[in-house]
Each structure stands twice: as structure tokens, then as C-alpha cells.
Amino acid sequence: MSFTGLDDKKLLRAFLEESEELVEKLNDNLLQLEKEAGNADSINEVFRLTHSLKSESALLGFTHLSELAHRLEDVFDSIRAETLTLSRPLMDAIFSAADLIHEIISRISIGQIDAQIETRTVIEELAQLAGLEPGAEPEEPSEASSTGNDVSDSGQVPLKPFQRSQIIEARERGEKIYMLHIRVSEEAEIKYPRAYLVFNNLELITNVIQTSPIMTIPQEDRLYERLSILLSSELPAERITAACAVDLIEEPQLEALDQARIDELLSSSETGEQVTLRTSRSGRSARIESTSVRVDTNKLNEIWQLVGELTIYKAQLSQLHDRLSRQRGNESIKGEVERASDSLERITAEMQQAIMGTRMVPIAVLFNKFPRLVRDLSRKLGKNVELEIHGKDTEIDRTIVEVLSDPLTHIIRNSLDHGLEEPEERRQRNKAEAGRIAISAQQQGGKIVIEVSDDGRGLDVGKIRKKAGIAADVSDEEAVQYIFSPGFSTKEGVTDLSGRGVGMDVVATRIREDLKGEVEVRSESGSGTLIRILLPLTLTILHSLVISCAGYYYAIPVQDIKETVKVSAQNIGIEGASEYYDYEGQKVALLRLDSVLFGPTDENTPAAQENNGVVVEQRRGSVCLLVDELVEEEDLVIKPISDLLNHRRLFSGVTVLGDGRIIFILDTARIIEIIETGGFDGI
Amino acid sequence: MAFRVLLADDLYFMRMVQKEVLEAKGFQIVGEASTGTEAIAKYKELRPDIVVLDITMPEMNGLEAMKRIFALDPDAKIIICSAIGQQNLIVNAINAGIKDFIVKPFKPERLLSAINKALQG
């Protein structure tokens, strides 16, 4: 990796993003081919994907990756030409090669050089099975090497997706798009550094989108006699041409592109080959692609935070309005402030909705990994498995997707490894020999529901009871939930698949603590297991009830609240050392929030006849919290809270109100957990 | 007012040629250096408008001297003298912020043109 220049990181990042997508599509198509070896669409698609991967990685100097992709491309070229058929061993070798490509890309993404991974064995195996020469031409002699770009007939190099999005973003920033042509004088003995000097000058003051030939990796020197640079800038044209004012640079020609030219650029695709493939396959997918833009998650988070701050000022303004309206006079100003405040409120709400939309991604990004996972595992285990996936389009917060990936993978591995029986056992039980695993996602109200079910043997309730020492009066339904309690694991011998000792308890902790979600299991002996995960739509905004207690304000997430009640002295009973509230004939533990937060008070009777109570409910149980006042319901933008301020972990986050007051968000699950495990005295 | 130039090259002959060319066009050569170390010291002392710096010099080469000068004065105007075959060094120098470069052997107008354009920018 010997490239220099300012653009490298950007280039590398774009490569990594794109290649990840390529690998995913590659896997999808290979799986398709495994089902249907003659599928011409998939064969063409794999050929195209490996071709792109080869060219892009060669461009960045990842020769091993490029070579591997090249071999695959050769194999699929032969398959396409029908001089080679896809045998089972060849398919396996192709999958190994695809895995290795994935491995190399992940290593590159953490900064390793691709040459550190051994590719020879896989390449040779592939070549042998395909009857091709293994090492005929390790380096690319022609094609992408001449200019590094495939130039179309019109002379315009087609844009890469990230370059296209750069244009769109630049337009949104109100910048002009320019095409700059320069010539390096014949007198220049070496042309590349001279072209580079101009390129560098431009990079310093404008946003260079594309150059032809490419600048970041030197090509043959004579190619740099002419250089075309596509850039965006808000600077006047003279400033841009001034950047070309160095020795031996001739005739800089700067052209501001009009909308028609920009549209033309945007409609050009990566390679001519792809254009034909895409349009012939379906016009619809091409259209969807052209309307989406790749955005850095950090940028989205930044916008999200900013809108969060906007809501603070919105609240501040409406409070100012309240104060103003209590004063006499200035009626016309009051009206105007009210209207402005209302409009701001409406727009902020809409903005939150819109930005929330950008944070959401279809859960397909996660689910699409599973066919491959299931295939590999089932072959390793000698089990025959059919996988069903539903609700791929369900949208979910991207931060949740990242955290959810591991636990969900673990659940699926468990189903395969422990849930589904061996083929022999299934035959004996009169079940279809192929086991079934279904993964689904859907939105229900304010929650995302994800289910993983299998038609395997189900959980061994007896064993769970014995291991966890569960009392006889606990129902089977309740007992199976113990697989989620810390330290629990039913299987004695750990196979290498289920993740060595990491059990469902760890899965549950991640879902509950990191995702603020819930997980539950249903199981029927002999006929299968279902794991249901409930997740909030997003982690960063929470519709909450603000309450006051001992002069401070706190918030309780509305999703945790069952009801707000008036608690009078006669509804309160005492059982042992603790109080309970008689809630429609049921005894609900009663907690005075002030004593939870500030230590026990002397008297146990409520000061007033009527007290405000908030009944909160979690899977573990319910509690009625006695508070001073119910203040208001609000959408709060939650920020994480430092452990220093939260040593008892009673809070799940913190937020800032319109008037600058800081509000802690109560972690009701934790409060209930403390009650269930012995109360507040010990902490 | 004449622009003030610092010349740094280990070859006396080279500096002489450059000096002649530049003085003929009204530039003022305020100092000369024959090593990288000397170039830095002279830059600090004289604060010239522009430096013509040879890449290959004893006691700290031109690139190292260039970096130190930029550390002293981020707005320093530097032109590098290089030879064919030093493309990578030139690209590094461009990234570091030089205004232009000249490839040896060079014609007088190359030096003049490079310096004039660099001083304009």
C-alpha cells in the first residue's frame, strides 16, 4: 500500500464500504447458484461482482485480493461460456474463496496489508477444480491499469457511487460543479508530479470529486499530459484557475457545469457493462439506487444531536412565552411569539421525524447475513435446514442493528446446534428431515418485534428447573425464562458452534442493557422453540413523563408506565418491612421515590391524603412509585450518563430541559430488579 | 521592491547560476546555504520571501530542511530542486506544501517562471 496524497483515506473508506456490499451480494448470488446451478442471472452477477472487486482492489494496490477476485472472475467467465460446470467441490472452493475475500477485506479495514493472508492454497484449489492455470498472470496487464478508469466513448469517466453522492451533497451545500481541463507542457520532463501539484493545490481549496487519470496512485507518466478534474466549490472561477498557476501548466480550462451536464454525469454508472446489466434486469432497482445517497453515520448522529439541541431551545421559547403571557400588555407581541413558538414546535417535530427516518435502515442489512451462516453451520453439523425470513423491510435504528447482530447470530446458532435434531432423530420422531428455522421482524406499535423460531426438540424444562433450582409452583412457561438469567447454560459440553460458554444469558444482557429491549422464550417439548425480542424503535429519543420529587425533576419513559394513580392512605398496606399499594385488588410494591433516591425517611405515612403514584411495569414485575408531582409528558433526547453520577445504576440516561435543568431518566427495570433481589436497604 | 531569495544548494556552481539568472531579473539574493542545517539557520535569520531548496544536500537533506522551515513558518514559500527519478520525493514535498519544483538540469526560464508564479499565489 504505497499511495500518498490527501484523498487516500476517503478512497479507502469508499472502497471498504463498497466492497462490503459487493461481498454480501456475492454471497447471496452464490447461495442462489447452490440452489440452482444454471441460474444465468446469478452467474452474470457473480462475474460482474468479482470483476469490480478485482479492478477496485488492484487500483488500491491490494494485489492479493485482486488476484483472488481475478481467479473467481476467470472461473465464472468459463461457467458463463459453458466450458465449465459448477460441481459441488467447485462450489465449496468458490465459497472458500469468497470467505477469504471477506477475511482480507476485514483485515484491510483494521489496517492490515492484504499480503499478510495466504491466498495461494485457495487459488490453487480453485484453479485445479476449474481446470485453469493457477498463476498464469498474477498482475493485471491491461484493462484498469491504463488510466485506472474505464473511459466511455464520450471521454467521460463514469462516476463511482461515492463520487455521485459527493456531487449531490455539493449541490445541496449550494456549491457549483466544475470540470477543469489542464495540459502539462511537453517541456516537463516528469508529468505526474506536475499534475499532482495542481491537483494538490485544488484539493486545498476545493472539493475534488474525480480526476482522470487518477492522481492518488501514479500511472504511466505520459498519461498525465492532460488532466481532467471534476470538482465542486463555492469559490469564484478565478480563484480556482489561480490554483493552476504553476510552472509548465498550460491552458487551464474551467467550465461550470449546468444542470443538464450534471444530470448526465449523475446518470452515468460505474461501467458500461453494468449499465446494460442493470437496465436489462429491471428498471426499478436502478431507479431506487439513483435516489439513495451514502451518508456517514457520524454525520447523521451529529444532525440528530443538533436537532436534540433545537428541541431544548424550542422548549425554552415556549416557556418564555408562558412567562410573557402572564405579564400585562404587549398583546400583539405575545400573539406573534405564540405563533412563532407554535411553528417552531411543529417544524422541530417534523424534523425529528424526518431525521429519525434517516437513522432507520431495513433490517435486511442484518438478516441478509443469515442464509450464509445457516448454510455453513448446517453443513458443518450435518443437518438439513430450511431457513425462512420474513419482514426484511422492517425499519430499525442503525445503532440497534450494530448491537443486535451478535445476539441474534447467537440465537440462530443455538437453534441450529441445540434446537434442531439430527436427521436420524427427526426421522424417528416423524418430522420432516429438513429442520426449519424462521426469522421474522415486524413493527408493533412503538416496538420492533423480532422472532427466531425452530421446529426442533424444544427446551428441556426439567433440566432447566433442576439446574436453576426452580420451585415447583413456578409454571413451565416461567421456568424456561431462566435460560436468560446470568450464568445459566443448559448444555454441559460446549460445541464450537454455540460460542463456548457464551449462552443465552449473555444474549439477554445485551438485549436488555445495551438495547433497552426485552427477550422471552416459548418452548414446547418436542416441537420447537421461539425466541421473541422486543426492541424500542430508537435508542436516543424517549417519550417520557417528567415528575418532580423532593424539589428535583426526573423522567420515567412512558413505555414503562402502566398507569398514573392517586394513592391515598387507605390504599396503602404493610407487609413485613415493606409497603404495598392495593392496585385493583392486586398488591403492588410501593416505593417512595424520595427514599429510593435520598435514603429512607422517618415516617412511613404519606404526608398528604392524596399522593401521585406512577405504576411502572417490567417483565420482572411492577412497582408503584410515589412522587410529588406529575409535571408533563415530553420527547426527551437521551444522552448517556457517566458511572460517576450513577453508581447505583438507578438512571438510564440524562437529558437537558428547555430551561437548562438537567433531568435524570429513571431506569425502572433496575429499580424493580433491586426490589426483587432484596430491596434498597443494602445499597 | 525586490523580492528576497534564499538559495540552498551544496554545489557552489549551481547557486552561482541561479543567482545570476535571478539577479538579472531584479531579485535580491539575501543568502546562500550549502547544507540543510545552514538553510534553516539562514531562513530564521533572514526570513526571505522565497527559498530555492535542493533536495540532495549533505548534513540534512532538502526535504528535512523543508519540514523544519515549514515548522518555523507555515506560510514559507519553498521551491524544490530535484532530479528525474525523485518523483516520490517531489510528491511528498507537494503534500508538505511546496509551491513548485524544478527538475535539474533546468533552463533559466523554468526557475524564473516557477518563482514568479509562486510569489503571485
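Keep in mind that the model is predicted.

Okay, chain A. The piece I'd like you to look at is an open sheet of five strands, and the order across it is β6-β8-β9-β11-β10, with mixed pairing. So which strands stand at the edges? Those are β6, residues 385-390, and β10, residues 518-524; each has a single partner strand, so one side of each has no neighbour in the sheet. If you ignore direction, neighbouring strands here are turned by 10° against each other on average.

Now zoom in on one pair. Strand β9(A), residues 447-454, and strand β11(A), residues 528-536, run antiparallel, and eight bridges join them.

Helix α15(A) does, and it touches β6(A) and β8(A), the latter being residues 435-444. The direction of α15(A) makes about 165° with that of β6(A). Then there's helix α16(A), residues 398-419, which lies across β6, β8, β9 and β11 of chain A. Relative to β9(A), α16(A) runs at about 20°.

On to chain B. It has five helices and five strands, and along the sequence they go β-α-β-α-β-α-β-α-β-α. There are 121 residues in the chain, of which 41% are buried. As for contacts within chain B, take the ones between residues at least 6 apart in sequence: 56% of those join residues at least 24 apart.

Last bit, where the chains meet. How many residues of chain B are in contact with chain A? The count is 16, and they meet 13 residues of chain A. On the chain B side, at least two residues each come from α4 (87-96), β5 (100-104) and α5 (108-120). The top contributor on that side is α4(B), with six residues. Sorted by class, the chain B side has seven nonpolar residues, six polar and three charged.

That's what I have, so let's open it up for discussion.

Conventions
Residues numbered from 1 in each chain as written. Chains lettered and ligands numbered in written order. Predicted model: local features only at pLDDT ≥ 70, side-chain atom pairs only at ≥ 80, totals over all residues. Contact = placed C-beta atoms within 7 Å. Helix = DSSP H or I, 4+ residues; strand = E, 2+ residues; numbered from the N terminus. Nonpolar A, V, L, I, M, F, W, Y, C, P; charged D, E, K, R; others polar. Pairing = 2+ DSSP bridges. Axes fitted to C-alpha atoms, helices over the stretch in contact; angles between N-to-C directions. Buried ≥ 20, exposed ≤ 12 C-beta atoms within 10 Å, placed from the backbone.
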